[in-house]
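Trainee: Could you take me through one part of this model closely? I would like to look at the charged side chains and how they pair up.

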Amino acid sequence: MPYIPQENRAKYDILVDELSEKLRSLGSNDAMVGPLNYIVSRLTWQLCGHGGGECRYARLNAVIGALDCAKSELSRRIVAPYEDVKKTEAGDV
């Protein structure tokens, strides 16, 4: 998890909370997944030279690395504990 100083989080949390609320308000996973993909894709597109600035390998590599690490953190911190609970509830395979 990319821990950033507490004082730097608020400016991002406001935006993330607003996006999260809008996505949750769509209801179903089917309704949410397209807009979520669009948001992530558009953000990465802009960071990789299509929102101004040069498209450089270092930036592409950094963005891909951040996405990969975010996916790993989601699996480690949210999916794995969820699966452990469900395994306890339903029994192991």
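**Charged side chains and their partners**

Mentor: Happy to! Let's begin with K86, which is partly exposed at a relative accessible area of 34%; here buried means under 20% relative accessible area, exposed over 50%, and partly exposed in between, with a 1.4 Å probe and protein chains only as cover. Before going further, keep in mind that this is a predicted model, where local features need pLDDT of at least 70, side-chain atom pairs count only at pLDDT 80 or more, and totals for chains, interfaces and linings use all residues. Residues are numbered from 1 along each chain as its sequence is written, and side-chain values use heavy atoms, with hydrogens and water left out.

Now to the partner of K86. K86 forms a salt bridge with E89, and their closest N and O atoms are 3.2 Å apart; the term stands for a side-chain nitrogen of Lys or Arg within 4 Å of a carboxyl oxygen of Asp or Glu. Both residues belong to helix α3 (residues 57–90), where they sit three residues apart and so are separated by about one helical turn. Helices here are DSSP runs of H or I with at least four residues, numbered from the N terminus. E89 counts as exposed, at 57% relative accessibility.

By the salt-bridge rule, the count comes to four. One of them joins the side chains of E18 and K22, at 3.6 Å from N to O. In helix α1, E18 and K22 are four residues apart, which means that about one helical turn separates them. With a relative accessible area of 43%, E18 is partly exposed. Another salt bridge brings together the side chains of R56 and E54, at 3.5 Å from N to O. E54 counts as exposed, its relative accessibility being 60%.

At 15% relative accessibility, E73 counts as buried. Its side chain makes a polar contact with the side chain of R76 at 3.0 Å. A polar contact is a pair of N or O atoms within 3.5 Å; within protein, one must be able to donate a hydrogen and the other to accept it, and residues adjacent in sequence count only if both atoms are side-chain atoms.

Conventions: Helices (H or I, at least four residues) and strands (E, at least two) are DSSP runs, numbered from the N terminus.
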